[in-house]
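Student: I would like to learn how to read a protein model feature by feature. Could we take a few features in turn, with the general idea and then the case at hand?

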Amino acid sequence: MALEMKVPSPGESITEVEIAQWLVEDGDYVEKDQAIAEVDSDKATLELPAEASGIITLKAEEGDAVAVGQVVCLIDTDAAKPEGRDATPAASVEAPKVEEKKEKAPAAPAKTETYATGTASPAAKKVLAEKGIDTAQVKGTGRDGRITKADAVDARPSLGTPGPGARGESRKKLSMLRRKVAERLVAVKNETAMLTTFNEVDMQPIFDLRSQYKETFKSKHGVSLGFMSFFTLACVRALKMYPAVNSMIDGDFMVSYDFQDISIAVSGPKGLMVPVIRNSENLSFRGVESEVKRLAIRAREGQITVDEMTGGTFTITNGGVFGSMLSTPIINPPQSAILGMHNIVERPIVRDGQIVVAPIMYVALSYDHRIIDGKESVGFLVAVKEALENPEELLMDNNVTKALEL
């Protein structure tokens, strides 16, 4: 019998998906639960598993937009699993080609070098070839317009003239996820009163803690003591102090939350993913690092679900992993603020009246000025800075081993 495979619903409110890639070909034998396709929704890329074993017949092309519930392939469950590929039939083996002998055409008589306009001397040709300049682009000053070596040395490529390198181009349709991300980013710029405030953080105290405890932390908990746990917990503390930053606009209303669901931006194979660390206020350093690692792996392997990327109240993005010194991150709607981390560079600063070199990170907070005033935005970023520069007191309650569960 032929089993009709329909597109399952990847999440609430999603009515259409796009066939991003078929992982099998028409007529292949597939096993039950084998991944047969990747489908894009406007929120995530998901794998489509085979519902039964059998021979598959594809009913949609890559790039097709299909409705949830639409049949995209048939699986003949009565078909027997092939034992293996047959040897190549004898008839299909090509006979060795017999090279035909061709009479050589008489060699053309050697051309005699002339001094016509545009002709270059051997030395000039060599120089022009090294520069990638065509002789037609050079005006000769020699006899009868002949291009001399001096002309070649002085020659410069014409501005706007294509060089000798490749000039190809490719055209590829954006995935549904990428199109949706683009649409939302443009909407944020157009529909919010977005503003960005900046500060700098002396990362030396965190460097010292990580240097002292990272090996013990990793051996005990199986995860690294990274920067994300410090930043996440610093943001949790600051969000409690400035609840307007942990709020959203819903029509004429401002909705505030008494919990902190922190979204973290992760670069995945299909684009930017933003999974959510739920109830970050209840997590320890170990809890945050474990959750960051779990979500990052799922995002990079394409296993992240829509539910895992829905419902955050505040976002942290780290452009520093790619070398960014400073940026103005775009708000992740419907949230009202996002914190941007950047690379850490040794810079001269004044500490206790002395100029010293310290590992400095610039941080940026983009926020929706419609509900977050300058007092809250600047105060929030200062609170984050204070917690990161004094983590033992403000994030660990002056008990490092207890905070790190060592």
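Student: How many residues does helix α6 have, and what span does it reach from its first C-alpha to its last?

Tutor: Bear in mind from the start that this is a predicted model. To judge a helix, one compares its end-to-end reach with the span expected at 1.5 Å a residue; α6 has 16 residues and reaches 22 Å from first to last C-alpha, close to the expected 22 Å. Just after α6, Gly302 takes a positive phi of about 70°.

Student: Which residues of α6 are buried?

Tutor: The buried residues of α6 include Phe285, Val288, Val292 and Leu295, and Glu289 and Glu291 are also among them. For Phe285 the value is 2% relative accessibility, and it counts as buried because that is under the 20% cut-off.

Student: How should I read a pair of aromatic rings, and how many such pairs does a search of the whole structure find?

Tutor: A pair of aromatic rings is described by the distance of the centres and the angle of the planes. Searching the whole structure gives four aromatic pairs. One of them joins Phe230 and Phe285, with 5.0 Å from centre to centre and 65° between the planes, and this arrangement is edge-to-face. Phe230 lies in helix α5 (residues 227–241) and Phe285 in helix α6 (residues 285–300), so the pair ties together parts that are 55 residues apart in sequence. Phe230, at 0% relative accessibility, counts as buried.

Student: What is the arrangement of the pair formed by Phe314 and Phe380, and are these residues buried or exposed?

Tutor: Phe314 and Phe380 form a tilted pair, with 5.3 Å between the centres and 55° between the planes. Phe314 belongs to strand β16 (residues 314–318) and Phe380 to helix α7 (residues 374–389), so this pair links distant parts of the chain, 66 residues apart. Both Phe314 and Phe380 are buried.

Student: Which residue lies over the face of Phe227?

Tutor: Arg210 does, at 4.5 Å from the ring centre of Phe227.

Student: Where is Gly69 found, and which residues does Gly69 touch?

Tutor: Gly69 is found in the loop between β7 (65–67) and β8 (71–76), and with a relative accessible area of 37% Gly69 is partly exposed. Gly69 and Lys6 are 63 residues apart along the chain, while their C-alpha atoms are separated by 5.0 Å.

Conventions. Residues numbered from 1 in each chain as written. Predicted model: local features only at pLDDT ≥ 70, side-chain atom pairs only at ≥ 80, totals over all residues. Heavy atoms only, no water. Phe/Tyr/Trp six-rings, centres within 6.5 Å; stacked < 30°, edge-to-face > 60°. Helix = DSSP H or I, 4+ residues; strand = E, 2+ residues; numbered from the N terminus. Buried < 20%, exposed > 50% of the residue type's maximum accessible area, 1.4 Å probe, protein only. Lys NZ or Arg CZ within 6 Å of the ring centre and 35° of its normal. Expected span 1.5 Å × (residues − 1).
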